[in-house]
Amino acid sequence: MYFRIPGCLCLALTLFFGVAAVQAKSPDSEKAAVPAASAEKKIEKKKSEKKSGKKKAEKKKEQSKKDETKNVDKKPEAKTPPVQTEQKSAPPVKPSPAKAPEQPAAKPAKPTPPTYTVKKDVLKIQIEIEGAFEAEEMIELALQPEEWSSLKVLEAVPHGTKVKKGDVVLKLDPEKLDDVLTDVRRELQLMEIALKENREELAAREKTTPLDLEAGQRGQRNAQEDQKYYFDIARAEALKSADYYLKYMKNSLEYERQELAELEKMYKADDLVEETEKIVLQRQRDRVEQMEFYLHQEEIDRDRFLKYTLPRRDEQVTDAMGRQSIQWQKAKIDLPLALDQKRLEVKKLEVHLARTRDKLKKLEADRKLLTVVAPMDGYVYYGKCRRGRFNESAGLAEALRPGGGISPNQVFMTIVNSRPVFLRTVLSEANLNDLHLGSQGIAVPTALPDLRLPVTIDQIGAVPMMPGNFDARLDVTLEAKDKMIMPGMGCKVKFTPYLKTDALVVPPKAVFSEPEDDDDRYVYVLDGQGKPEKRSVTVGRETNQQVEIRKGLRAGDKILLEKPKDE
């Protein structure tokens, strides 16, 4: 069964599929080009069968169809089945295949550099620093023994314990110190006895030394006198005595011989010799012999005296005089020195005794240090507070266990009064231009991130505490509900030194500077034709995301975010 299609509808279909065929040639619809071209050939065949009288109507309808097809989606059209029409006038003529119009190749578009439209916005400069809560009142505990250094722990209260004034917080082992105290006390007693003996000996020497000096001087004088007497008188008399005794013995022998000769002469005249006479003669003869022996001995003694005894006696007298002189000279030096030495020994003992007494006193005082009590009410913190932090607590927990040990002058505990507190922090040298005395901020405790505490800078160090950093103290007020905050806890402190709600701001990468002058800043502004124009600007405050423009731009100006390619 065939349907007759009116000529106007046939023309409309022809125009519709013709436009679709043209659109199918575009780069976005290459896949739909083949079915569209096939449909176009069939429509062109029907088109040739129309009468020439309808060309004006075709042109008008063709124009209206072109306007309608501008809003049609460019998706590939489905293949339309051929429509059979009944023609009575003339047999169909097969048209020649139509060629699709060729499209010129499009030139690649020039990339447009990124731009930014200048506008007013909020410019907020915020400084965030770390801080720590530090107590206004705290007392460090450190033992400063003067003599004792062995500090062995017996017992210590735990870190964080709340104590009252006078509570025992640390006990140290006193055993070794007690032994030393016993030894020192005994030594002190012996020294006192030795000092007493030396003082008595010194007193005696002070009395005997002058007497000994007088005796030495007297001995020297006697020796001189003895020497003089010996060589002046005694020696000569000794020689005379030797000669006299020899002469005496010679004379005695001669006398005895004469006596014997007289007896013999007398008894010789008498022919009869009695027994008595014999005895007398014999005795006389013995006497003569005895005297001869004595004379001989005297001659030997005299020779020995002259040859040996007298020279030796001369040497003895001379030597005795020399020795006495030496002893006297030595006594004049030694006796005063011995006295001074004894005085120094006594003085040394006195000093040693005083030092030992002082040592005993110090050891006894050190003994009292071995029990440490809290000097005030507060909390026990192990270690020393350094800029609001107790960083030594963990290490001292090991040292303060039973059997552990601490060092003299080491701060092993700090008694902290938890209220009032302030904030201790460090200000960078770069922030001193924005932060000063009286600057206000907000502290956010690490443990309570929802809490906001107002703070005010109260003190800033006059000189750097380390290169580029200054010590700072911040006033902070805590309320009763903030009792969880304790000294040593940390926080973040935020300051907003600059806030402008209508600042003219641009991205930092849109602002450039001259190589020879960093302060000479400029931007590239697009003019009415979209061409970049280099323009100097005056900048204000800057952040990582914003640069304040104080002069040179207006809101709505469009600027480049990078330098033009031809720059």
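Residues are numbered from 1 along each chain as its sequence is written, and side-chain values use heavy atoms, with hydrogens and water left out. Because the model is predicted, local features need pLDDT of at least 70 and side-chain atom pairs count only at pLDDT 80 or more, while totals for chains, interfaces and linings use all residues.

The largest nonpolar core has 36 residues. Such a core is a set of buried Ala, Val, Leu, Ile, Met, Phe, Trp, Tyr and Cys residues joined through side-chain atoms within 4.5 Å; buried means under 20% relative accessible area, with a 1.4 Å probe and protein chains only. Among the elements giving two or more residues to this core are strand S5 (168–172), helix H5 (275–369) and strand S9 (411–428). Helices here are DSSP runs (H or I, at least four residues), as are strands (E, at least two), numbered from the N terminus.

Phe-412 is one of the residues with the most contacts inside the core. Beyond its neighbours within four places in sequence, Phe-412 is in contact (heavy atoms within 4.5 Å) with residues including Leu-170, Leu-396 and Leu-400. A second, separate core has 20 residues, among them Val-421 and Phe-495.

Back in H4, which spans residues 175–269, sits Gln-220. This glutamine is buried at 9% relative accessible area, and touches Met-321, Gln-324, Ser-325 and Trp-328, not counting residues up to four places away in sequence.

As for cysteines, Cys-385 is buried at 12% and Cys-491 at 0%. The whole structure has zero disulfides (pairs of cysteine sulfur atoms within 2.5 Å).

Methods:
Buried means under 20% relative accessible area, exposed over 50%, partly exposed in between (1.4 Å probe, protein chains only).
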